[in-house]
Amino acid sequence: MDAFREAQTAPVLWVQGLGDWAAVPFALITELASQSAVVLVLALVFWCVHAGTGARLFVAVIASAGLNYLLKAVLYAPRPSWVSHRVVAHAAESSFAMPSGHAQNATVLWGYLGVRSGRRPWLWAAAVLIALICVSRVYLGVHFVRDVLAGLLVGAVLLWAVLRWEDRAVRWWRGLPTARWAGLAVTVSVLPCVSAALWQHLVLGDWSASPDWMGAVPPDPAGATLAGLFSVCGALLGGLVGFTLLAGRGWYSAEGALTARAARFVLGLSVIVLVLVLQDVLFGDLAGLALAVAEFAVYALVALWASFGAPETFVRSGLAQRSSAGQASGVR
């Protein structure tokens, strides 16, 4: 076990051998695949650039994040700084490690935008950014190389599947009757949460950190991972419902003057920030499954606002227009 642990930590220590000067730039790079950055990019594309592309990107990225947390909840893989006290933790992470969420979601998010841009320089820029994010996760001491490679692999497969089948999937979804699409939205959002909760309770309920782990382990990585899964699945439910309802209302156009686009972004984001602040006030003391359920509800509400409430508000306030048939075809 000692030899195996040394073999895993050696690449991390080698990358960290670059020196402390790299901590700040790598911390900034890694933020480009953080939850905050993903939310900002998804909101910007959907509200202000192209609604159809933004909706598809939202579903792809949130589904990727849900799968990532589900795998983490099953595998219970440690982070380098938990295993070895020699690894410097330049960033704090409370959930399990494999696969790397930053590597996986960066591949889906920036890879999708790079491909859909239709421009080779943007595609290469996306590839370089994804590579830098992957290196940053190793340098910051929050992932082994294996975690990053697993995230890249899962993200690449998901990105390929999305690019290949998204048109067919959207047409199929838009043709479903209300009861069926609503039932499917609930099923794909709730089933991973129930499965992970049962797995943790029935199979790994007495889990504790291995005595061989010589680093600093957070108090409840299982609970943090479960809460992350519930929040992402809640967002998936809110987004699927919101986009489908919006399409039934005639969709909307993200075009318009720069001032109108900026106003949409500020207004929409202000409501999200308000909801998240209220979440901290109301549910800040919760833990375990109770916290996870609260996270599911809050992020479902946030995503419903982002995908339906905000666009409807934009249209009714004159900040946006209903989409024409040609513009709406991006989601049909």
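1. A residue counts as buried when its relative accessible area is under 20%. By that cut-off Trp-173 is buried in this predicted model, because its relative accessible area is 17%. Trp-181 also counts as buried, with a relative accessibility of 9%, and Trp-47 is buried as well, at a relative accessible area of 0%.

2. A pair of aromatic rings is described by the distance of the centres and the angle of the planes. For Trp-173 and Trp-181 the ring centres lie 6.5 Å apart and the planes meet at 45 degrees, so this pair is tilted.

3. The structure holds 14 aromatic pairs. In one of them, Trp-47 and Phe-265 are arranged edge-to-face, with 6.4 Å from centre to centre and 70 degrees between the planes. Because Trp-47 belongs to helix H3 and Phe-265 to helix H11, this pair ties together parts that are 218 residues apart in sequence.

4. Two further features involve aromatic rings. Phe-46, Phe-58, Phe-243, Trp-251 and Tyr-252 form one aromatic cluster. Separately, Lys-72 lies over the face of Tyr-69, at 5.4 Å from the centre of the ring.

5. Turning to the open spaces, the largest pocket contains about 1200 Å³ of space. Its lining is made up of 49 residues, of which Gln-35, Ser-36, Val-39, Ser-231 and Tyr-299 are the closest to the centre of the pocket. The elements that give two or more residues to this lining are helix H3 (35–49), helix H4 (51–75), helix H6 (101–117), helix H10 (221–248), helix H11 (258–283) and helix H12 (288–317).

6. Two or more residues of the lining come from each of H4, helix H8 (145–174), helix H9 (178–203) and H10. The lining of the second largest pocket divides into 26 nonpolar, four polar and three charged residues.

Methods:
Residues numbered from 1 in each chain as written. Predicted model: local features only at pLDDT ≥ 70, side-chain atom pairs only at ≥ 80, totals over all residues. Heavy atoms only, no water. 1 Å grid on protein atoms, 1.4 Å probe; cavity = no way out; pocket = protein on both sides within 12 Å on 5 of 7 lines; lining within 4 Å. Points joined across faces, edges and corners; volume = space filled by probe spheres on them. Helix = DSSP H or I, 4+ residues; strand = E, 2+ residues; numbered from the N terminus. Nonpolar A, V, L, I, M, F, W, Y, C, P; charged D, E, K, R; others polar. Phe/Tyr/Trp six-rings, centres within 6.5 Å; stacked < 30°, edge-to-face > 60°. Buried < 20%, exposed > 50% of the residue type's maximum accessible area, 1.4 Å probe, protein only. Lys NZ or Arg CZ within 6 Å of the ring centre and 35° of its normal.
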